[in-house]
Amino acid sequence: MKKLLMCALVALVGVLSVDAQVGPGQFDPEKIAEFSVQYMDEQLDLNKEQEGKIKEIYLDMFKNGFENMGGPEEMQKKFEEMNKKIKAVLTDEQKVKFDKMNEEMRRRGPGGPR
């Protein structure tokens with residue numbers, strides 16, 4: 001459970017760092033979703049259909065999820081749901097890479113070496 005929560009926090013830190021690039025108070029879910037899909041494409045070699053579906057998953061999370069994230073348990077649950085939806089779009093080979101990518105993020109932790 002701690003590892004999953006750490007992964008969720010790493011993802012949130014990544015989103016907030018991208019938000020900082022947009023400007024204070026100018027959180028743009030569309031840009032964050034595009035950035036997230038671009039990163040996943042680099043790691044997993046997504047096709048166009050996968051990119052579109054995953055972008056919608058991220059948009060749903062960023063538009064609806066972050067306003068009412070709640071406590072750690074609620075945040076963990078939302079990230080678990082998002083990851084399940086993403087994995088449903090991936091091939092078996094991409095799922096393995098996705099799991100490795102998330103494990104690497106958990107090991108690094110927020111602000112860890114890249």
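Student: Leaving aside neighbours within four places in sequence, which residues is Met 101 in contact with?

Tutor: This is a predicted model. In it, Met 101 is in contact with Tyr 39, Met 40 and Gln 43.

Student: What makes these count as contacts?

Tutor: Contact means heavy atoms within 4.5 Å. Met 101 meets that cut-off with each of Tyr 39, Met 40 and Gln 43.

Student: How far apart are the C-alpha atoms of Met 101 and Gln 43?

Tutor: They are separated by 7.9 Å. Along the chain, the two residues are 58 residues apart.

Student: Why is Met 101 called buried?

Tutor: Its relative accessibility is 9%. Buried means under 20%. The value falls under the cut-off, so Met 101 counts as buried.

Student: Which residues make the contact?

Tutor: From H2 come Tyr 39, Met 40, Gln 43 and Leu 44. From H5 come Gln 94, Lys 97, Phe 98, Met 101 and Met 105. By class, six are nonpolar, two polar and one charged.

Student: Which residues of H2 are buried?

Tutor: Pro 29, Ile 32, Ala 33, Ser 36, Val 37, Met 40 and Leu 44 are buried.

Student: How do you know that they line one face of the helix?

Tutor: Look down the axis of H2. The buried residues fall within an arc of 130°, so they line one face.

Notes: Residues numbered from 1 in each chain as written. Predicted model: local features only at pLDDT ≥ 70, side-chain atom pairs only at ≥ 80, totals over all residues. Heavy atoms only, no water. Helix = DSSP H or I, 4+ residues; strand = E, 2+ residues; numbered from the N terminus. Nonpolar A, V, L, I, M, F, W, Y, C, P; charged D, E, K, R; others polar. Buried < 20%, exposed > 50% of the residue type's maximum accessible area, 1.4 Å probe, protein only. Arc of directions from axis to C-beta.
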